[in-house]
Amino acid sequence: MRKELDDLAEECGELAQFATEEHGKAVYIYKTEGEDAVQTASSVGNRAHLHCLSLGKAMLARMDESRVEAIVDEHGLPAFTDATITTRPELFDELEAIRERGYAFDREERIEGLRCVAAPITMNDEVMGAISISGPASRFSGPLYEDELPNLVTRSANVIEINAQFS
């Protein structure tokens, strides 16, 4: 997993991260930086709400609805920026769109000026975590943000899933 994330960060020049879910929050497990990576507040071991991160939403989209409901009941949907999803209907609509696309966006929902794209990592239909690419909104826009980065992150997620099956 680390090598694939290192390669992803190098290829896109941005910040790449892996997180898993524990007790209803995202826990950052690995972080690696490409040459143009921005600095973020996340660091290995940090915990964050799931609903405002592309990593978190990618994981939530692969969970049973009852699990998502339990997480929202426990942690709520607090706003971090004007773009943060703060209602259950909005969250469940977003999770459905993520399931259809296969990847999640963070459109400045946790930090103004920071956008991210994430894809879930699954094994035997169970979500193990998610990987993401993060960068400034000034660079993460248009076809790069909407098409190219999602292709990179989903490709890397697929490689990690395949490698995990044979390790």
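A cavity, on a 1 Å grid over the protein atoms alone, is a set of points where a 1.4 Å probe fits but cannot get out, and a lining residue has an atom within 4 Å of a point. This is a predicted model, where local features need pLDDT of at least 70 and side-chain atom pairs count only at pLDDT 80 or more, while totals for chains, interfaces and linings use all residues. Residues are numbered from 1 along each chain as its sequence is written, and side-chain values use heavy atoms, with hydrogens and water left out.

**Exercise 1. Work out what surrounds the largest cavity.**

Step 1: count. The structure has 1 cavity of 30 Å³ or more.

Step 2: size it up. The volume of the largest cavity is about 60 Å³, a volume being the space filled by probe spheres set on grid points joined across faces, edges and corners.

Step 3: list the lining. You'll find G24, H49, L50, H51, L60, I71, V72, H75, G76 and L77 around the largest cavity. Helix α3 supplies the largest share, 3 residues. (Helices are DSSP runs of H or I, at least four residues, and strands are runs of E, at least two, numbered from the N terminus.)

Step 4: sort by class. The lining splits into 5 nonpolar, 5 polar and no charged residues. Here Ala, Val, Leu, Ile, Met, Phe, Trp, Tyr, Cys and Pro count as nonpolar, Asp, Glu, Lys and Arg as charged, and the others, Gly among them, as polar.

**Exercise 2. Describe how α3 packs on α4.**

Step 1: get the geometry. Helix α3 (residues 65-75) and helix α4 (residues 88-101) sit with axes 12 Å apart, at an angle of about 140°. Axes are lines fitted to C-alpha atoms, for helices over the stretch in contact, and angles run from 0 to 180 degrees between N-to-C directions.

Step 2: name the arrangement. α3 and α4 are therefore oblique to each other; angles under 35 degrees count as roughly parallel, over 145 as roughly antiparallel, 65 to 115 as roughly perpendicular and the rest as oblique.

Step 3: find the contacts (heavy atoms within 4.5 Å). From α3, E65, V68, E69, V72 and D73 meet R88, L91, F92 and L95 of α4. That contact divides into 5 nonpolar, no polar and 4 charged residues.

Key
1 Å grid on protein atoms, 1.4 Å probe; cavity = no way out; pocket = protein on both sides within 12 Å on 5 of 7 lines; lining within 4 Å.
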